Structure formats: structure tokens, C-alpha cells
Amino acid sequence: MKNTLIYLLITIIPLFGKGLQHDDDNFIIRDHFHYSIKGIEKLEFKIDYKMGELILKPNSNNPHEFDGFAEYTPHYFDSPIVDYTVFGKTGFIEIRTNAIDHDHEFSFNWGHDHFHNKSEYKLPLSVPIELELEFSLGKTEIDLSGLQIQSLDIECGMGKTTLNIKSQNSIVCKEINIEAGMGEFEGIGLSHLRAKVVNIKVGFGSADIDFSGIINHDMDIEVEVGLGSIELILPDNVNISARIHDHFLSSVDVDNLIKKGNKYVTKDWDYNRPTIKLDMSVGLGSIDLKISH
Amino acid sequence: MKYVLVLVLNMVLLWSQTDISQNIITDVTKFFNDYTIEAGEINSDNIRVIGGDLYVYGTVDGKITVVGGDVTLGPTSVVNGTIVAIGGSVQKDENAVIHGKIIETNMKEGLVYREMEPAESINGGYEFRIKERSMRASESWIHPETDFFIYNRNEGLLFTPLNSQWDGDGKSSFRLSFSIGYRFGPHEPAGRLTLEKSFFSNKNLVFFGSAFKESRTDDFYRLSETENTVAGLLGRQDFYDRWNEEGWSAGIGLDLYRVKLKLLMASVKQDSIAVTSNLWSLFEKERPLRSNPYTEPQETIGYWQGTVAFQTRNYSPIATGMALFVEGEAYQKSDDGSNIYTMNSEELRKRVFGFLKLNWEMSYGLVFRSQFIAGTSDGKLHEFRKFGVGGLGSVSAFPFKYQTGDQMVQANGEIVFTDEFTDAWFFLKLFVDGGYAWNDDTFSFTKQNILDFGISSAGVGIGSGDKDDLNWSVNIAKPLNGRDYLETTIRLDYNF
């Protein structure tokens, strides 16, 4: 037992090490970026944000421009890659955080004392945008109000992501894909995107997704929940037909729908209204389906 | 282009500013010449270098603007003022000290300019962390808070006034917890000190180490410690067999929302705690106290213990849901130098215990509750570690641990007619219990064994409470072996 204890201590103690203090920790760099977005018909915007705080919002004052800044501790991050290229009539903006790998330090310590990484990017309003967003660890606030969203793909790892859309998308969004891994995702005003197909996957985390508002078109929503939980709010101005695949280990709460065969459907079905078809499956997690009033 | 113009205007404004608060500051403009601030030199002037490079080895207190040249900050340089580099780059030695600000601009799209400044100058929090942590992360499940008062036949009154946890108000990944109390029965202190190091924002992964002197029981599943304390105070009863453990443990915990896993190793000195003969109670002052099962005195043992626990979301005793708990332990005497014990030695004893609770809200206000318990070992358990069936939290209307053995099975079922169903202040319940404990080195048993040797009982109950906080209930139970005996029990919790 003594030998085992010594071995255990030898294994664990290095994990408790705080790591070396660096002079580079004492100052930060703030990089400012700017691109003029003109002469294109579509913008593909892709971001891979490893960790830190991120804000994405519309560039309301300069609708033809992309602006932003990245503020970071140089010991832990290189300057982010913010590239803009144009091929034909399509523009591509690609943003990547560049974390520095310190092999000699235990990187789990990052969550607490040492690093700072905050970015804010403003997207142009003048062109349709296909968004592909990937966040690993941190806090992300996304405001897509006023932007022309052609498709939206969000993948959140850990941390918290908030998506807010306050005004109607001027174009139809072809598809929304949301994947909440181990973190929290909150989406408000998603009905404004006018999406026809929505795919939501929740792993260990939680997702609160609000589609309340006016929906004027048919919509297919597919939801997969593993060990996590989802609260999905749908509007009451549509017909709803929900098929839920669950078992005795999962928790399913459905409000204001009636069970008809193996489906939950709207009480007063009206063929003049658009229909939302839901296909939801849940493992050990929970689904909470609500209808807004 | 508009953006560049604005930028240039900003630069011109920056350039034209002159600090008039100190008369000694002067403006200097250098054309096509390099400019050097030597080590030890303190520069408080406003300097413009056009077409040349700037080298800094001393201290910059003023503002230096470099157009079309590079800036080099040497190892002895200190920047208290501002350096603006337009169209050039800034090279900084790692020992250079920046208290002021460095702005590096490029007249092109993309990275248009860069600022460098002390970390303290950032508005808002310097450190990044998730501010809204879950409750799970703010409370320790490795070192749960001990009840303020615990009352039982071994410890008498265990008073634990000091229960503290420190983790920098949730900002630190370390947590130090301690509970220190005093046993008024044997007149000795008891407590636990735990250090945890967690990883991830919700503290999902925890390494921990504890030093402790505490009582331990295998009967925790029968009833809560609080209800056992009330039974002691009111009726001079104790439904736990306890022993003392003094030593240390270390391990790892994994918290995956509804699933928790814990693996620990421990080295402890085990001993019995003598029964306190003068246990005070409000009623039943003369009730004889149950003696301890035999415990080998002053035995130092080492053990490995693994625990898995799972609950469905918002688990509640009277709502549809499931809870699972499994704990496995391998223990043996510690190596004392003369006898070397290994994990393969004859001394090693293995014990596995688990329960499954399944609740089903069959219809409005009507809940079917069930519990299945199994215990198994390799047939070598010490007397005080054997499984027992019978008594409160096990099979009603039978004495406490009526049967003991190296193996056990137990099943409990009840239908609760909640107050929503009765539409009155009370609920009703019908319950049935069954169990069987036997000595063997394998878990195998037949239906005939259960019929021949198992014990069972059935009963009814009435009580009042709400969904998650039962106030009280009265059970009347009868054994199903033909004995003409009725047992009345007052419970302050659900039967299981």
C-alpha cells in the first residue's frame, strides 16, 4: 500500500504544478482587423475559436465592411489568423485562434488565472453569408440581427454560447445545424432566420432553443439528445407533428400537444397553416417541448 | 480607403498632441536618421522619427512616433509612455517592460494596427472563466457537509460545528474542505480534511486526498442519517452498525451530470466504537441497545473502492425515474513488514453492493415504487461487513439483520396513493418486502432457496407530506411466514 501511495503521489503531484510565470503574462496585444467586402455575391464566413470570449455581431454602421479586434495574452496565443480571399463572386473569411502549445505546462490550468483571449468581429450586412462557427471552450455571444444568413452551422464544445436574432432574415436560410457538445447553448429568435431544415444535436450539454414568433413556411426539425437536455419552444401559429423516440431512461415533457398514435400533434390542426415536422430522439437525456403563446 | 484616411487623421491627432502640463517636454523631429535611447537614459520628449529606425534601451516616458521605420525594444527598455509605429514593425525583447502603450499600424487591409499594453489596463476581467457555474460545481460531492448533530448508540452525540469549504469563491480549481466535530459518547474528536483539485469549468474531473477519523457503516441505504438521529433521540433506536476508521484516502472522481464515478484507495485503522450504555432518549428510556457485531480491534487495512451512481433527471421518490448505485471494494490487512500481502493474497476480501430504484407514475397521483438490492462477496467477509436483511429499510416486521450472510438479495415494492389521488391531506401506501441473506462464496441461488429461507412481509401505511419532503407516515406490517405479529413503525421518510 505504501508503494502504491508513493506511486500515486509521483503521478499526481506534477498535475498540481502551477507552471512557470512569464513576463509575457503581464501585457496584452490587441490586433485590429478590417476588410472591405465589395464586389461579391456571397460570403462564406468560417471561424474556429479554441478558447476565450467571442462576440459576433452585425456591422450596422458600415454594412460593406468587416471589422474586428482580437485581444490576447501573447504568451498563450499568437496573433489570430484572419484571412479574406475572393474567388469569383464568393468571398471567404476564415478566422482561427492560434493557441501556443506549452508542452511543459499542464494546460488545464488555462481556465483560471493565466490567459486572456477576447475577440469581437462585426459582419457585413450587404451580402448573403454562410456561417460555419466552431467554438471549443469559452463564452460566445452571437447576434445575427440584420444579417443575410444563407446557412448557419454552429458547433459548440464546452462553455456557453448565446445566439440572438432580433429581426427577420431578408433571405431564406437553407439550413441550420447546431451541435452542443458538453456546454450550454441558448438560441433566441431563431424563427427570424426563416430556415426550412434544422438539425440539432446535444451530447452531454444543454440547449435552450426558442423558435417562437411568426413562421410562414413548413419546417423540418431533427433533434438528437444523448446525455444532455434540450428545451425547445415552438410558436403556436403553426401545425406541429412530433415523433419522439425515447425509452424509460429518458425524460420527455410535451406541453399542449396531444398524442395521436406514435406522434404528438397540435390539438386544432389547421391545413391553412404551415407545418413543423419534428423528429426527436433521446438517450439518457431529456427533452422539454413547449409551445409559446 | 475611408478607413485608412480616418486612421491617418487619428495618427495626425496623436502626433499633434503635446503635454502642456510639464514645460520641460519638448518636440523633436528626426528625418531619415535612426534614433537611439541608451540604457539608463530617460526620455520624456515627444519625438517623431521619419524614415529612420528607433532603438530603445532606456526609458520612454513621452511619446515617440516612428513613420516608415522599425522599432526595437532592447532587454533594458521600459516604456511608460506611448510608441506609435506607422508602416514599420515592433521587435520586443522578452525582458522589455511595458507600462505604457505601443501601437503598430500597417496601411493595408487585414491587420490594420496592433496595440500592446499592460494587462491591467483591460476593461473588465483579466481572467477568463465561466461565471455561472452549476450547483454541482459549487458543492463538493467528494466531501459532503456533515450533519450538525448526529446521534447514535456508538458515538452518542456527534456535534460537528465546523463545516467549511474554501475554493476562492469558485474561482480556484482547488478546494479545501474540513469537518471537525466531537463525539460526546467516547469523548473524542472526529472529522475529515479533504483537498480536491478539479478540472473543467464544472469541476467534472476531481483528484482528491482526505485524512479522516470517522465512523463508517454499510447500512446507509436503509434510512437517512437524519431519520436515524431522530429515532435515537425519540426512541433510543439505532439502525446502523458502525465502526471507526482513521487514516487517509486518495482517488479520482468523475462527474458526468447524472452519472458519478469515484475510485479511491485508502489505508485505515479499523476499530469498533463501544456502545454508549447511557444513551438518552425522550421516550423508551429503558429500551436495550443492540450490541456491535464483532470487529477485529486495531486492524490496519488497505482498500480500493469504486462507486458508480446514476439518477434520471429530477429524480424524485414519487415521480417516474430511476436511480442506480453500485459500490465495489477489495480490502485486506496492510503489510506490516512480517506478512507481505498482495492483491492476490488469501487475505484479500471482495465485497460488492448495489441497488436499483425504479419509480413509475402509473396514472394521476398513483405511483408504483420498487427497489432491488443485491450484495455479493467472495465468501470471506468479516462479521461486521456481512450483508443483513430484516428490519427498517429492509424487510419490515422482522428484527434488524434477522439474516446475515456473504450474499444477499432484497426486493421492495409499494404503491403510493398520493394526496393528489386521495384529494385529501393524506396519502396511503401498500407495500411488500422480501429478502434473503446466505453464506456462500458465490451469488448463485434458486427460487426454491428464496421460498424456503427468504423472509417477506406486507403492510399498509398512511402519512402526510409533499412530493419531495415527506413529513411523516405510520406503517403497519405483518410477516408473511404465518406468524401472528403486527409491527407499527413511524417513518419520517419514504420506506426506501
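**Ground rules**

I number residues from 1 along each chain as its sequence is written, and I letter chains from A and number ligands from 1 in the order in which they are written. The model is predicted, so I ask for pLDDT of at least 70 for local features and 80 or more for side-chain atom pairs, while totals for chains, interfaces and linings use all residues; side-chain values use heavy atoms, with hydrogens and water left out.

**Confidence**

I began with the scores: ipTM is 0.74 and pTM is 0.53. Next I looked up pLDDT, the predictor's confidence in each residue, from 0 to 100. Chain B averages 84, and 86% of the residues score at least 70.

Helix H1 (residues 2–16) has the lowest mean pLDDT, 45. Strand S26 (residues 387–389) has the highest, 96.

Two stretches got a flag. Residues 1–23 of chain B stay under 50 in pLDDT, and the model gives them 23 contacts beyond four places in sequence. I count a contact when heavy atoms are within 4.5 Å. Residues 124–135 of chain B are also below 50, with 28 contacts beyond near neighbours in sequence. Where pLDDT is low, the predicted coordinates should not be read in detail.

**Salt bridges**

My rule for a salt bridge is a side-chain nitrogen of Lys or Arg within 4 Å of a carboxyl oxygen of Asp or Glu. For burial I use relative accessible area: buried is under 20%, exposed is over 50%, and partly exposed is in between (1.4 Å probe, protein chains only).

I looked up B:Glu115 and B:Lys101 and found their side chains joined in a salt bridge at 3.1 Å, N to O. The partners are 14 residues apart, with B:Glu115 in strand S14 (residues 110–118) and B:Lys101 in strand S13 (residues 101–105). B:Glu115 is buried at 8%. B:Lys101 is partly exposed at 27%.

B:Glu214 and B:Arg192 also meet in a salt bridge, 3.1 Å from N to O. B:Glu214 is in strand S19 (residues 205–217) and B:Arg192 in strand S18 (residues 188–199), so this pair ties together parts 22 residues apart in sequence. B:Glu214 is partly exposed at 24%, whereas B:Arg192 counts as buried at 18%.

For B:Glu245 and B:Arg216, I noted a salt bridge whose closest N and O atoms are 3.1 Å apart. B:Glu245 sits in strand S20 (residues 242–256) and B:Arg216 in S19, so parts 29 residues apart in sequence are tied together. B:Glu245 is buried at 2%. B:Arg216 is buried at 13%.

I also listed a network of salt bridges: it links B:Arg153, B:Asp219, B:Arg222, B:Asp238, B:Asp241, B:Arg290 and B:Lys401.

What does B:Phe353 touch, leaving out residues up to four places away in sequence? I found B:Phe220, B:Tyr221, B:Phe325, B:Val326, B:Glu327, B:Ile373, B:Ala374, B:Gly375, B:Phe387 and B:Met408. B:Phe353 lies in strand S24 (residues 349–363). B:Phe353 is buried at 5%. From B:Phe353 to B:Phe325 the C-alpha distance is 8.3 Å, across 28 residues in sequence.

B:Ser198 lies in S18 and is buried at 6%. Beyond four places in sequence, B:Ser198 touches B:Ser173, B:Lys203, B:Leu205 and B:Val206.

**Helix H3**

After H3 comes B:Arg236, with a positive phi near 55°.

**Surface patch**

Last, I checked the surface for patches, which are made of residues with over 30% relative accessible area and no salt bridge; like charges are joined within 9 Å, nonpolar side chains (Val, Leu, Ile, Met, Phe, Trp, Tyr) within 5 Å. Accessible areas come from the Shrake-Rupley method with a 1.4 Å probe, and for residues only the protein chains shown count as cover.

B:Trp425, B:Leu428, B:Ile462, B:Trp472, B:Ile490 and B:Leu492 form a nonpolar patch with about 580 Å² of accessible area together. One of them, B:Leu428, lies in strand S29 (residues 427–438). B:Leu428 is partly exposed at 34%.

How values were computed. Helices (H or I, at least four residues) and strands (E, at least two) are DSSP runs, numbered from the N terminus.
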